[in-house]
Amino acid sequence: MKRTVNSLMLAGSLLAGGQAMAGDLLQWQNNSLTYLWGKNFKVNPEIQQTVTFEHADAWKYGDNFFFLDRIFYNGKEDGNVGPNTYYGEFSHGCRLARSWIRTCPSARSKMYCWRSLTSSAKATTSPTW
């Protein structure tokens, strides 16, 4: 648990430091670290703790959002993944229209946007970093 919290704090500080180097490309960013404890779950072991790191940002040409959960099962292990697991999602958006509209008049009638959403779940009993 201590190693997870230290790793999340390091990741947050590295992301926060990127804003100073971004210049006018980075419009805004936000990070959060959350701890949750709950009991009486119907799925997985009954008592769980979750540490979540979230990051969202907007750049000149797009935006990003991701979160990573580290879930600890207290008292009883999950039969499939053991005493803990990871879950995370990532979403990225790219706005090419902003630059095309300024440079190409015909682009005003067309939409040049790309959006992807990827979601992945990873279950493991030991950290990979």
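**A hairpin and its neighbours**

Let's start with a pairing. Strand E2, residues 47-59, and strand E3, residues 62-74, run antiparallel and are joined by 13 bridges. Keep in mind that this is a predicted model.

How many residues sit between E2 and E3 in their hairpin? The answer is 2. For a landmark, find Ala56. Its bridge partner in E3 is Phe65.

Now move on from E3.

A general point on strands. When a strand is regular, its side chains alternate between the two faces of the sheet.

Let's step back to the whole protein. There are 2 helices and 5 strands. Read from the N terminus, the order is α-β-β-β-β-α-β. The protein has 129 residues, and 33% of them are buried.

Next, the surface. The protein exposes about 8700 Å². Carbon and sulfur atoms supply 59% of that area.

Which residues make the nonpolar surface patch of about 320 Å²? They are Tyr35, Trp37 and Ile47. Take Tyr35. You will find Tyr35 in strand E1, residues 26-38.

Notes: Residues are numbered from 1 along each chain as its sequence is written. This is a predicted model: local features need pLDDT of at least 70, side-chain atom pairs count only at pLDDT 80 or more; totals for chains, interfaces and linings use all residues. Side-chain values use heavy atoms; hydrogens and water are left out. Helices (H or I, at least four residues) and strands (E, at least two) are DSSP runs, numbered from the N terminus. Buried means under 20% relative accessible area, exposed over 50%, partly exposed in between (1.4 Å probe, protein chains only). Accessible areas come from the Shrake-Rupley method with a 1.4 Å probe; for residues, only the protein chains shown count as cover. Patches are made of residues with over 30% relative accessible area and no salt bridge: like charges are joined within 9 Å, nonpolar side chains (Val, Leu, Ile, Met, Phe, Trp, Tyr) within 5 Å. A salt bridge is a side-chain nitrogen of Lys or Arg within 4 Å of a carboxyl oxygen of Asp or Glu. Two strands pair if DSSP finds at least two bridges between them.
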